[in-house]
Structure formats: C-alpha cells, structure tokens
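Keep the structure open as you read.

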Amino acid sequence: MIAGEGDPVVLIPGLFGSAYGFRNLVPLLVQAGHETIVIEPLGIGSSSRPERSDYSLTAQADRVAAAMDSLGLSQTVVVAHSAGGSVALRLAYRRPELVRALVSIEGGPTETLTTPEFRRAMRLAPWIKVFGGIKLIRWKIRGMLISSSGDASWVTDDVVRGYTADAAKNLDGTLKAYLAMAHVREREKLAPHLGEIACDVRLMIGTAQHDGDVGPQEVVLLGRTLHSFAVDTVPGAGHFLHEEQPGAVVAAVARASAGDPPAPSGVHSERVTGRRAHRRAPGTSAAPPPP
C-alpha cells in the first residue's frame, strides 16, 4: 500500500496487524507531506502465507529490505509496531543505508516473533475450526485489542472485522502460517548487533496499564547499546498507539525526521543515555557492553 507524496515513511505492522491497522495514521502522514508505504511481512495482513517458509524475524527483515529495494528507497524513516519493531531493528543493522530513523511503537528488541502464550494457544490450532472458526478468532482478537488498550473505545465490531478480514479469507492458511511462526527458530540474535545500529531510534510507550508493553529491561538494553535512543511516553495510551492517538505517532515521525526537536504537549520525550557502545567502522561488530 502506497499513499501520498513527499519524504517517504515505511510502516511495518506487528503480528496481528495489517495495512488496515494503519488506516487512521496513513492519512495524517500524507497530510504532513509524506509518501507513506505499508509493508506487510510474510504471513501478516494480506501478504501470502506459505506453510514452509522461514518466518524468523531476520528473514522478515530481509524481505522488508527487498521490498524497499524494489521501490528504490534509501535513508527512510521507518515506523514499526510491536514485533515489527524487532524486524525494523534488524533491518537497521543489516541494511543501514535503508533506515534514516526508526520509530518503534511499543516494540522492543524481542528475539522471538511469538510469545509463550501464543505458542501455547497454537497447540489448539487443529480445534479452532471445530470450536467456532473465524468467530472464535474474532472473539479472541477483540479481547486482545481491549486488554492491550488504554482507551478501548476504538475497538468496535467493524474494527474487529477489519483486523480479522485477511484471516477470514484463508483461515487454513492463516493457522498453518501461525503454526510455522510458533515453531520457528531465530537464526541470528538481535542483542549482539544493537550497537551496530547508527540511526536514531525512538521508542513510543503508552503509560496506561495494558498487555503487550515493552519491559523495563528491554528499555535499559536499548538505552545501553544504541548510539542514539529516546523514549516518547504517551499518557493514557496502550499498545495500539496508532489507533488510540495517531497524532502522537505523526509528531514522533516529525521529531525523528528533524533530528529530535522538543516534544509537543501531551508527549513526554527523554533522551536515554546510560552506557552505550562506541561507534565503530562500518562492517564491524561487537557484543553489547556488560551490565
């Protein structure tokens, strides 16, 4: 999905996201003067769902890079949600020429695409069609969206249908892809490479109590290892910041594009310092500093 003209911004959804999930954010970015490109990783949104493909986060990052190459993009602001943030961090160190700045919406440096809860749920995948099929999935997604939100008023019947529309088109394919994701093994850890990321990284965190938030240890890890890292906290928001407060995401993109000007009212921004890795010459690598 591509909309608008101007300075390009690439959007990467998380595991249960899609281009639909950015339907409120895209028009605001276009209005702000950006060409907005949504890249859905394999098995997510309307992308294909091959059963035997590599669904590791590293493989997903390489696919995003290939899509950006095909569009002739370079030095682009990348906005990623949830697990998409870990994909984007991998993209930033593997293909640094593609990423000028990264805005991660509630997405930390996770080493797995799926959570333990997701993997346990996938043990029941063969029974999903028997016990309700897409109706059961919609019920579970509704609960997840509500528990992950600070203000869940945006979670309507139409929105739940929008979030599950692609799964409904090919339920068998979706379940098989999810099973593959649940069993995938990451072929390359992210943590040892965080110090290689040269671009600015902004992590957006909602302050409301909610499921799916970024753990404090992950924030400390990012602050200790990244060369340039800031945290934007959005009062009252939850995991789906782009749904609850899309204007705050647009403001974060503006700060990322401009190199971190003062934060607007309603958003607390702080530069996280701590001990960080020293800059290295391109092509070299090192493990993060000891705690």
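Strand β3 covers residues 34-38 in this predicted model. Four of its five residues are buried, so the strand is mostly covered, with buried meaning under 20% relative accessible area. Two other strands pair with β3: β1 in the antiparallel sense, and β2 in parallel.

**Partners of β3**

- Strand β1 is made of residues 2-3. Two bridges link β1 to β3, and the pairing is antiparallel.
- Isoleucine 2 has isoleucine 37 of β3 as its bridge partner.
- Strand β2 spans residues 7-12. Five bridges join β2 to β3, and these two strands run parallel.
- Leucine 11 has valine 38 of β3 as its bridge partner.

- Helix α1 takes up residues 25-31.
- Together, β2, α1 and β3 form a β-α-β unit. Its hand is right-handed.

**The nonpolar cores**

- How many residues does the largest nonpolar core have? It has 45.
- Leu91 and Ile197 have the most contacts inside this core.
- Helix α3, residues 83-94, gives the most to this core. Its share is seven residues.
- Leucine 91 touches Ala61, Val64, Ala65 and Met68 among others, leaving aside residues up to four places away in sequence. Its contacts also include Val78, Pro96, Leu98 and Val99.
- Another core, of 23 residues, lies apart from the largest one. Among its members are Val9, Ala19, Phe22 and Val253.

Technical notes:
Residues are numbered from 1 along each chain as its sequence is written. This is a predicted model: local features need pLDDT of at least 70, side-chain atom pairs count only at pLDDT 80 or more; totals for chains, interfaces and linings use all residues. Side-chain values use heavy atoms; hydrogens and water are left out. Buried means under 20% relative accessible area, exposed over 50%, partly exposed in between (1.4 Å probe, protein chains only). Two strands pair if DSSP finds at least two bridges between them. A crossover is right-handed if, with the strands pointing away from the viewer, the path from the first strand over the helix to the second runs clockwise. A nonpolar core is a set of buried Ala, Val, Leu, Ile, Met, Phe, Trp, Tyr and Cys residues joined through side-chain atoms within 4.5 Å. Contact means heavy atoms within 4.5 Å.
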